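Please find below a note on the model under review.

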Amino acid sequence: MTGSTNRRTSGGAIPGLLKGLATTAKTLGRPTHTAEYPDAPPHLPPRTRGVIALLEENCTSCMLCARECPDWCIYIDSHKETIPSPTPGGRDRQRNVLDRFAIDFSLCMYCGICIEVCPFDALHWSPEFEYSELDIRDLLHEKDRLGQWMPTVPPPPALDPGSAEPAEIAAANKPPRVPRGADAPTTARSAGGDRRERPAPPGKDEQ
Amino acid sequence: MSEALEVVLRSVGVLAAFLVLPLLVGQAEHKVMAHMQGRLGPMYAGGFHGWAQLVADGVKFVQKEDITPTAADRGVFRFAPAVALVPYLVALAVIPLTPSVVGADVPASALFVLAVTAVGILGTLMAGWASANKYSLLGAMRAAAQLLSYELPLVLAVASVCLAAGSLSLSGIAQAWTPWWLLWQAPGAVVFLVAAVAELQRPPFDMPVADAEIVFGAYTEYTGLRFAFFLLAEYAGIVVMALLFAVLYLGGWQGPFADQLGWLWTLLKGLVIAVLVIWLRVAWPRLREDQLQHLAWLVLVPLALAQLALTGVWVVVAA
């Protein structure tokens, strides 16, 4: 009884068996899906979260990343350094010098919050993933090692067509500001003013 | 003296075939199953597409520890793999590749092969009982029930062919074969193939080793080389059944250039059947225990009896 109802709903045993044979035979003829990883490099999408790379020059030791890190896996040590004023009587400047920047990848959960919060683009995602170690303690990577991953960081993806210009390019394209009191360069408005003034001297000559 | 030498040579030949052909089938299973599932299968062992994977597996099995459970019936436990393996070696000896290329030309070789292959199941039963393990015992009981159910349709199907050929010898049957048999003996061929797959405990009839239910059935407690012998027995069984099918239903060595290439024809036909057995494993899910018995007693036995009747009527009418 139940067998007959089953047969009606599934279309019978024989068509199902033939379908199974046909599916496997078709798959046999198609190319395989296996990626031969150690022999062939894997194809990783550009936003792959492999490892966090550090661009040391951009870091100001502001500690934002270390404080935002949910599992506290970023260690930063820094000290202040005084730069004497270049001109006599000027004010001395202070700047932070980064002594230590380390990420413990045995704790890191690859959330990327540190990269999001960094105001100076010192941290970047790199698709590099082959940094396993035999000892979990060796997963604490210092800034030299983090810096070595910088060349593997892919360029940022292209902007959408029609989107606004990036802030850096918009700033570079803006006409340079005229310093107050200096001679006016030949910008459009000041050139027009010049022309209005220029006819006057010949008039003086005629007089 | 020359007779002894011939016996030795034939034995060595059969032994070589027994060691090489199952590995060929096993490798074919690795690769065919992988590609049917969109995978590549073994790629490293031996260099070219992993051709030596099974050799590497064999080396691995040799290195493993040979464990006998404390509660096991030691002697029976250790003897069981041999009981499972040797019958297929003996069966392979009497299957002819051509009338001349055969280990031992026995008069009633069809009967002999059926009798000998039925002994193999004793190895599984011994293994299951001697392991002193519930899963092993369940697996052995399932294997025994399965063998009892499927031996009958197998014997009936072979009886039909023997009746059609008027001979109990495998060589005689293949000699009497004509392409007309492909149609005439088709139901018997289907019954034979299904029953053979069930006898080999291959999917979709692998309830005795159903890993999701009873771990690995009668072989659960086995390790190392003894376990490898059970696996070898399974693949040797595929070779025996595939060659038997080729000889009984596909005419064995009959084909173009049969005088020179007869042995190749038998091997090729057997290989096709072996690949078919592999294909069934990939494509179909496992049957339930009651469905298995249902299929054997309500479908295969009546079909085999009908085939026997058809063959009998035709032989009488044609004669």
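**Note on the predicted two-chain model**

1. In β5(A), L140(A) is the bridge partner of D104(A). Strands here are DSSP runs of E of at least two residues, helices are runs of H or I of at least four residues, and both are numbered from the N terminus. The antiparallel pairing of β3(A) with β5(A) comprises two bridges; two strands count as paired if DSSP finds at least two bridges between them.

2. Basis of the note. The model is predicted: local features need pLDDT of at least 70, side-chain atom pairs count only at pLDDT 80 or more, and totals for chains, interfaces and linings use all residues. Residues are numbered from 1 along each chain as its sequence is written, while chains are lettered from A and ligands numbered from 1 in the order in which they are written.

3. The sheet of chain A. An open sheet is formed by three strands in the order β2-β3-β5 (chain A), with antiparallel pairing. The edges are taken by β2 (74–83) and β5 (140–141) of chain A, each having a single partner strand, so one side of each lacks a neighbour in the sheet. Between β2(A) and strand β3 (residues 93–104) of chain A there are ten bridges, and the two run antiparallel. Within this pairing, I83(A) lies opposite R93(A) in β3(A), and T82(A) lies opposite Q94(A).

4. The contact between chains. Ten residues from chain A and eleven residues from chain B take part, contact being defined as C-beta atoms, placed from the backbone, within 7 Å. On the side of chain A that touches chain B, three residues are nonpolar, six polar and one charged. In this classification Ala, Val, Leu, Ile, Met, Phe, Trp, Tyr, Cys and Pro are nonpolar, Asp, Glu, Lys and Arg are charged, and the others, Gly among them, are polar.

5. Which helices of chain A and chain B have axes that come within 9 Å? They are helix α2 (residues 13–29) of chain A and helix α11 (residues 258–283) of chain B, whose axes cross at roughly 105°. The axes are lines fitted to C-alpha atoms, for helices over the stretch in contact, with angles from 0 to 180 degrees between N-to-C directions. The helices α2(A) and α11(B) are therefore roughly perpendicular, a term for angles of 65 to 115 degrees. G20(A), L21(A) and T24(A) of α2(A) make the contact with W279(B), V282(B) and A283(B) of α11(B). Of the residues in this contact, four are nonpolar, two are polar and none is charged.

6. Local features of chain B. Helix α4 (residues 109–130) of chain B has 22 residues and spans 32 Å from its first C-alpha to its last, close to the expected 32 Å; the expectation is 1.5 Å times one less than the number of residues. Just after α4(B), A132(B) adopts a positive phi of about 55°. H49(B), which is not a glycine, also has a positive phi, of about 50°, and is located in the loop between α1 (2–36) and α2 (53–63) of chain B. The peptide bond joining P203(B) and P204(B) is cis, with omega about 5°; P204(B) belongs to the loop between α8 (186–199) and α9 (211–214) of chain B.

7. Confidence. The model scores ipTM 0.73 and pTM 0.74. Chain B has a mean pLDDT (the predictor's confidence in each residue, from 0 to 100) of 87, with 100% of its residues at 70 or more. Chain A averages 81, and 82% of its residues score at least 70. Where pLDDT is low, the predicted coordinates should not be read in detail.

Note on methods. Angles under 35 degrees count as roughly parallel, over 145 as roughly antiparallel, 65 to 115 as roughly perpendicular and the rest as oblique. Two residues are in contact if their C-beta atoms, placed from the backbone, lie within 7 Å.
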